[in-house]
Amino acid sequence: MDTMQAYRLAQEEFDAVLAAVPAGRWDEPSACAEWTVRDVAGHVIWGQRQMRAWATGEEYTERAGAPGEPHPAGLAGDDPLATWRAAREATVAALTEAALERTTSISGLGEVPLRAVVTLLLTDHLVHTWDIGHPLGMAVRLDPALVRVAFDWAKANVVRRPGFFGPEVTAPAEADEQTRMLAFLGRTARQPLTA
């Protein structure tokens, strides 16, 4: 599948988990240390809005949802699912072939084409799908093809510092690729870790 097909599929997986969050559980802890489920939703919504700005050439100065910010929940609002869906729709519409050729500067990665940023956000969507679903007791099984794309991206580009990704944890010897990818990005099923 091409980059945009993979991205849309990652968005569908994130959407499905958000749609399954019970109304009274948005402010429960996620698998990201110090972030609630609503905070993770706000961060991913921020990423959509940032991507749209890069795609259209508009300036986007909101920092509340950026990696490492303390409480991005406000960006999710009272209805995180509706807010996410609106941000997603606007972003996908802006990601034309011409927009994907634009370049942008990203801390830790330098100047990169927007097409490469799509893969970064695909990875972000997958990991945060798990970060929301796992602590709420959902059986989160990510698409294996997307896991391969995200794991390859992570191995080549991961930024390990506060607010980004924590240290790699050891996956069990018998772990599947999803578990190995999550462990590489600092996640285990037993403890909350950095965003």
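How many nonpolar, polar and charged residues does the lining of the largest pocket have? By class, the lining has 14 nonpolar, nine polar and two charged residues, where Ala, Val, Leu, Ile, Met, Phe, Trp, Tyr, Cys and Pro count as nonpolar, Asp, Glu, Lys and Arg as charged, and the others, Gly among them, as polar. The model is a predicted one, in which local features need pLDDT of at least 70 and side-chain atom pairs count only at pLDDT 80 or more, while totals for chains, interfaces and linings use all residues. Residues are numbered from 1 along each chain as its sequence is written, and side-chain values use heavy atoms, without hydrogens and water.

The largest pocket has a volume of about 520 Å³. A pocket is here an open set of points on a 1 Å grid over the protein atoms alone, where a 1.4 Å probe fits, with protein on both sides within 12 Å along at least five of seven lines; lining residues have an atom within 4 Å of a point. The volume is the space filled by probe spheres set on the points, which are joined across faces, edges and corners. There are 25 lining residues, and Trp46, Pro67, Ile106, Leu120 and Phe164 lie nearest the centre of the pocket. Two or more lining residues come from each of helix H2 (37-56), strand E1 (103-106), helix H5 (114-133) and helix H6 (144-157); helices (H or I, at least four residues) and strands (E, at least two) are DSSP runs, numbered from the N terminus. H5 gives the most, with six residues.

H5 also packs against H6, at an angle of about 115 degrees and with the axes 9 Å apart. Axes are lines fitted to C-alpha atoms, for helices over the stretch in contact, and angles run from 0 to 180 degrees between N-to-C directions. H5 and H6 are therefore roughly perpendicular to each other (angles under 35 degrees count as roughly parallel, over 145 as roughly antiparallel, 65 to 115 as roughly perpendicular and the rest as oblique). In this contact (heavy atoms within 4.5 Å), the residues of H5 include Leu120 and Leu126, and those of H6 include Val149 and Trp153. The contact of H5 with H6 has nine nonpolar, two polar and no charged residues.

H2 likewise meets H5: their axes come within 10 Å and cross at roughly 170 degrees, which makes H2 roughly antiparallel to H5. Among the residues in contact are Val44 and Trp54 of H2 and Leu121 and His125 of H5. This contact has twelve nonpolar, five polar and one charged residues.
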